[in-house]
Amino acid sequence: MALSLALTNFILFFVGARLLYQYSNTFRYYFRVCFIIGWMLGMSLLVLPVVALRGRNVANMRVLRFVMLPLKYILGIKISVQGALNLNLEGPYVMVANHQSNVDYLGMIQILPGRSTLIVTKEIFYMLTVAVVCWLSGFIITDDKKAADRASVRAAVAETMVRDNLRIWLFPEGTKNYYTTTMLPFQHGAFHLAVKAQVPVIPVVMSSYRPFFNKKIQRFTPGEVTIWILPPMKTEGLVSADVPEFTERVREAMLSTFHEISEGTREQE
């Protein structure tokens with residue numbers, strides 16, 4: 001009797017959840033957002049023993065890429081890439097991309113070249129095993145609240161990336177830009193790093209997610225993303241005083257491309 005009741009409750013729960021997913025935008029939105037986070041947590045538990053065997057090594061990014069790539073197929077996100085040859089650059093460099101939501105990581109993981117890693121803030125530790133796996137994969141974890149330490153951290157990262165031939169990925173907007181159809185002002189950190197190391201900056205632009213992802217109206221459906229990788233922008237000869245102008249030049253190039261590849265998308269209220 002108890003088993004029969006439990007089975008009936010399970011079936012009712014499953015059918016109810018399926019109907020909510022089909023007909024409720026709000027339920028579907030939160031389910032898919034939570035699914036991304038749950039996938040990351042689950043996969044981090046799965047691969048933790050594997051990456052731990054190798055120790056802290058940027059080569060572990062290949063393992064992360066392997067477990068994250070299927071997510072775009074599960075969520076129905078079709079990604080097309082233009083300008084991929086611009087990443088075929090010898091030596092270290094800095095990649096900067098616009099930041100719209102966690103969907104960004106699906107595109108990022110698809111195009112990351114070898115010997116790539118990210119600079120992230122210490123808030124990643126809230127994700128527990130994800131943070132451990134990311135650290136073991138060579139992620140550079142910083143504390144944005146300690147402004148006095150930024151210059152010394154940048155100097156150390158610049159030295160490391162040149163010595164170890166690393167490619168560093170950053171989101172210069174500094175936070176997810178959920179609500180606008182443009183880009184937030186860029187923080188200067190990524191560009192100070194590139195100038196300090198005298199390495200090129202490669203801008204990466206992801207088209208607007210508005211047709212399928214909109215936090216304001218809680219819409220998250222399958223959709224298409226175009227990623228455009230722009231030619232490298234050199235920093236040779238630039239000094240710290242040139243960073244604000246260089247930052248704005250990169251942002252203008254990215255913003256122009258963003259509007260071009262997002263043409264025809266409208267915020268659907």
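Select residues 243–261 to start: this is helix α9, with 19 residues. From its first C-alpha to its last, α9 reaches 27 Å, close to the 27 Å expected at 1.5 Å a residue (1.5 Å times one less than the number of residues). Helices are DSSP runs of H or I with at least four residues, strands are E runs of at least two, and both are numbered from the N terminus.

The model is predicted; local features need pLDDT of at least 70, side-chain atom pairs count only at pLDDT 80 or more, and totals for chains, interfaces and linings use all residues. Residues are numbered from 1 along each chain as its sequence is written, and side-chain values use heavy atoms, without hydrogens and water.

Within α9, pick out V243, F246, T247, V250, R251, M254, L255, T257, F258 and I261, which are buried (under 20% relative accessible area, 1.4 Å probe, protein chains only). They cover an arc of only 165° around the axis, which puts them on the same side of α9 (the arc is that of the directions from the helix axis to the C-beta atoms). Show β2 (93–97), α8 (189–197), β6 and β9 next: the buried residues of α9 pack against these (contact means heavy atoms within 4.5 Å).

Now colour the open sheet of 7 strands, ordered β1-β9-β6-β2-β5-β3-β4 with mixed pairing (two strands pair if DSSP finds at least two bridges between them). At the edges stand β1 (77–82) and β4 (140–142), each with a single partner strand, so one side of each has no neighbour in the sheet.

Finish with β3 (residues 116–121) and β5 (residues 167–170), parallel strands joined by 3 bridges. There, T117 stands opposite I168 in β5.

Key. Buried < 20%, exposed > 50% of the residue type's maximum accessible area, 1.4 Å probe, protein only.
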